[in-house]
Amino acid sequence: MPSHPEKPTPHLPKRLGFFLTLVVVGLLLAVPRPARAYPLLLWPSSLTSPGTGLVVPFVFISGDVKTLNPYLYGAVGLSERFDIIAGASGVFGLSPASASFGLVDVSARYLATPELALTPRILYTPGQSLVVSPELHATRSFGNLMLTLNAGVRPMLDLNGGGLTSATGFAYLSGSYFLSKQLWLVLEADPSVTFARGTDTAGSSWSASVLLAPGVGFALNPEQTHIFELAALVSLPTSAPFQYATSVTYALWYATSFTLWGK
């Protein structure tokens with residue numbers, strides 16, 4: 001699941017940008033395969049089959065339309081039990097104009113069962129922080145209803161000598177109801193609890209928040225070669241007043257998959 005819009009950070013390193021360009025070009029030159037329907041922000045347990053690549057660009061737009069937060073994810077199915085999901089993000093300010101690199105997000109996943117994947121997820125913000133998060137990604141279908149759960153703990157390490165600064169526990173739940181092969185509704189509830197370590201000027205603290213995300217997904221054809229989802233993300237922090245510019249974010253993503261090699 002992509003993180004929420006980030007604060008500006010150092011620009012994308014040239015080697016990483018070159019690597020991401022090669023990955024995207026390789027996927028676009030591969031043989032197209034039908035995509036499937038996904039939750040809005042969560043990763044389902046079974047994402048890619050062996051020899052299949054997936055490309056998923058996201059864009060988040062702040063409620064005041066002053067910040068764009070794009071992500072680009074790619075996934076590769078390595079075997080019946082293993083896949084890799086990797087992505088990177090940027091932060092673009094429109095008023096005033098600015099551009100910076102966001103974070104790198106990598107998950108090497110083990111499919112314990114067809115409905116459950118386990119992963120050590122890595123979230124790296126250059127020059128700022130590193131998170132190594134043990135997570136489970138679970139999916140279960142009941143007729144036209146598909147439920148997805150992403151849960152885990154995210155300890156944050158300050159890369160500037162601050163040590164372990166916080167730890168966040170979360171259990172994100174998504175429900176997708178399919179009206180047809182080309183149209184579905186999505187509702188997600190993403191609660192989390194964060195413990196922040198005390199500093200010289202402030203004591204330790206606990207905080208909780210909930211993100212609600214109603215949305216809609218659609219495919220351009222019944223084969224689902226190209227699919228889209230759009231939604232409004234409403235953050236409900238328990239310790240701060242609701243402000244439209246910072247509490248509401250609009251999200252759009254696109255997905256398509258490709259055959260990279262034969263079985």
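Biologist: How many helices and strands make up the secondary structure of the chain?

Modeller: The model is predicted, and the chain in it has 263 residues, of which 40% count as buried. Its secondary structure comes to two helices and 13 strands.

Biologist: What share of the contacts with a separation of 6 or more comes from residues 24 or more positions apart?

Modeller: The count here takes contacts in the chain with a separation of 6 or more. Among these, residues 24 or more positions apart account for 54%.

Biologist: What part of the accessible surface belongs to carbon and sulfur atoms?

Modeller: The accessible surface of the chain comes to about 13,200 Å². The part that belongs to carbon and sulfur atoms is 69%.

Biologist: How many salt bridges does a search of the whole structure find?

Modeller: Side chains of opposite charge can pair when their charged atoms come close. The cut-off is a Lys or Arg side-chain nitrogen within 4 Å of a carboxyl oxygen of Asp or Glu. A search of the whole structure on that basis finds five.

Biologist: Which residue meets Arg 121 in a salt bridge, and are the two buried or exposed?

Modeller: The N to O distance in this pair is 2.5 Å. Arg 121 sits in strand S6 (residues 116-125) and its partner in strand S5 (residues 97-113), 16 residues apart.

Biologist: Why does the salt bridge of Arg 140 and Glu 115 tie together separate parts of the chain, and how many residues apart are they?

Modeller: The two side chains meet at 3.4 Å, N to O. Arg 140 lies in strand S7 (residues 129-142) and Glu 115 in the loop between S5 and S6, so the pair joins parts of the chain that are 25 residues apart.

Biologist: Which residue meets Glu 135 in a salt bridge?

Modeller: The distance is 3.0 Å, N to O. Glu 135 is in strand S7 and the partner in strand S8 (residues 145-158), 19 residues apart. The partner is Arg 154.

Biologist: Which residue in S8 is the bridge partner of Glu 135?

Modeller: S7 and S8 pair in the antiparallel sense over eleven bridges. Their hairpin has two residues between the strands, and Gly 143 there takes a positive phi near 65°. Within S8, the bridge partner of Glu 135 is Gly 152.

Biologist: Which residue takes a positive phi in the hairpin of S8 and S9?

Modeller: S8 and strand S9 (residues 163-180) pair in the antiparallel sense over 14 bridges, and Leu 157 has Leu 164 in S9 as its bridge partner. The hairpin has four residues between the strands. The residue with a positive phi, near 90°, is Gly 161.

Note on methods. Residues are numbered from 1 along each chain as its sequence is written. This is a predicted model: local features need pLDDT of at least 70, side-chain atom pairs count only at pLDDT 80 or more; totals for chains, interfaces and linings use all residues. Side-chain values use heavy atoms; hydrogens and water are left out. Buried means under 20% relative accessible area, exposed over 50%, partly exposed in between (1.4 Å probe, protein chains only). Contact means heavy atoms within 4.5 Å. Accessible areas come from the Shrake-Rupley method with a 1.4 Å probe; for residues, only the protein chains shown count as cover. Two strands pair if DSSP finds at least two bridges between them.
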